[in-house]
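Please keep the sequence and the three-dimensional view at hand while reading.

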Amino acid sequence: MCKIIQFPTNKISHTNGYNNLSALFEVCDSMEICNVYLETIENLYNNGNITETEMYTLRRIGRQKRLKLAEPSKQKPQKADKPGTYLYTPEMGQEKPEGCKIEAGLCYYGSHYWLKTSLELKGRGITENEPTRDGIKNYTVTKRAFEKLRTQYAISYESCLD
């Protein structure tokens with residue numbers, strides 16, 4: 001005959017308030033509801049219904065959920081079928097348009113544009129700068145030259161929120 005010995009387990013049991021709120025944070029889908037749950041954590045701790053460790057853990061879970069809810073959803077990139085300028089804003093979840101061979105941006109003082117491309121560009125108002133390591137060429141162009149280039153090529157233009 002043998003005797004079965006029960007060893008104590010170090011299974012951590014949490015309070016009902018902790019279990020309920022951690023489950024609610026998983027299904028939370030708006031910032032307002034998330035804020036209500038964070039206020040509930042403080043009330044439960046002040047009433048002695050959850051421990052200090054559980055309070056800090058739930059705060060962390062709630063704040064991470066708020067950050068996740070604040071991120072914009074990714075959008076499909078535009079397809080650049082025709083020549084022209086295609087604007088995109090990364091802060092709004094937009095991606096760089098597909099099919100653009102030139103990247104552009106306005107220079108600091110607003111009188112010139114910078115261009116990055118693998119194409120060889122020549123003409124009045126186009127100045128080639130030193131190339132990058134991967135073979136992409138950098139150009140500085142005037143506004144008039146940029147207007148001419150956008151009638152010939154599809155150009156992606158990053159528009160940042162300020």
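Glycine 48 follows helix 2, and its phi is positive, near 80°. The model is predicted.

**Helix 2: length and faces**

- Helix 2 covers residues 31-46, which makes 16 residues; at 1.5 Å a residue it should span 22 Å, and its end C-alpha atoms are 23 Å apart, in agreement with that expectation.
- The buried residues in helix 2 are Cys34, Tyr37, Leu38, Ile41 and Leu44.
- When helix 2 is seen down its axis, the buried residues fall within an arc of 120°, so they line one face of the helix.
- An α-helix has 3.6 residues a turn, so residues three or four places apart point the same way.
- Glu32, Glu39 and Asn46 lie on the other side of helix 2, where they are exposed.

- Helix 1 (16-27) and helix 3 (52-70) are included in what covers the buried residues of helix 2.
- Two packed helices are described by the angle between their axes and the distance between the axes.
- For helix 2 and helix 3, the axes come within 10 Å and cross at roughly 170°.
- Helix 2 is therefore roughly antiparallel to helix 3, since angles over 145 degrees count as such.
- On the side of helix 2, the contact is made by Met31, Cys34, Asn35, Leu38, Ile41, Glu42 and Tyr45.
- On the side of helix 3, the residues making the contact include Glu52, Met55, Leu58 and Arg59.

- Six strands form an open sheet in the order 1-6-2-3-5-4, and their pairing is mixed.
- Strand 1 and strand 4 (126-128) stand at the edges with a single partner strand each, so one side of each has no neighbour in the sheet.
- From one strand to the next, the twist averages 30°.
- Helix 4 (residues 143-150) packs on the sheet and touches strand 1, strand 2, strand 3 (112-117), strand 4, strand 5 (137-142) and strand 6.
- The direction of helix 4 makes about 115° with that of strand 5.

**Strand 6 and its partners**

- Strand 1 (residues 84-88) runs parallel to strand 6 and is joined to it by 5 bridges.
- Within this pairing, glycine 84 stands opposite alanine 154, and tyrosine 88 stands opposite glutamate 158.
- Strand 2 (residues 102-106) also runs parallel to strand 6, with 3 bridges joining the two.
- Here glutamate 103 stands opposite serine 156.

**Isoleucine 155**

- Isoleucine 155 is a residue of strand 6.
- Its relative accessibility is 0%, so isoleucine 155 counts as buried, the cut-off being under 20%.
- Cysteine 100 is 55 residues away from isoleucine 155 along the chain, yet the C-alpha atoms of the two are separated by 5.4 Å.
- Apart from its neighbours within four places in sequence, isoleucine 155 is in contact with Gly84, Thr85, Tyr86, Cys100, Ile102, Ala104, Phe146, Leu149 and Arg150.

Definitions and conventions:
Residues are numbered from 1 along each chain as its sequence is written. This is a predicted model: local features need pLDDT of at least 70, side-chain atom pairs count only at pLDDT 80 or more; totals for chains, interfaces and linings use all residues. Side-chain values use heavy atoms; hydrogens and water are left out. Helices (H or I, at least four residues) and strands (E, at least two) are DSSP runs, numbered from the N terminus. The expected span of a helix is 1.5 Å times one less than its number of residues. Buried means under 20% relative accessible area, exposed over 50%, partly exposed in between (1.4 Å probe, protein chains only). The arc is that of the directions from the helix axis to the C-beta atoms. Contact means heavy atoms within 4.5 Å. Two strands pair if DSSP finds at least two bridges between them. Axes are lines fitted to C-alpha atoms, for helices over the stretch in contact, and angles run from 0 to 180 degrees between N-to-C directions. Angles under 35 degrees count as roughly parallel, over 145 as roughly antiparallel, 65 to 115 as roughly perpendicular and the rest as oblique.
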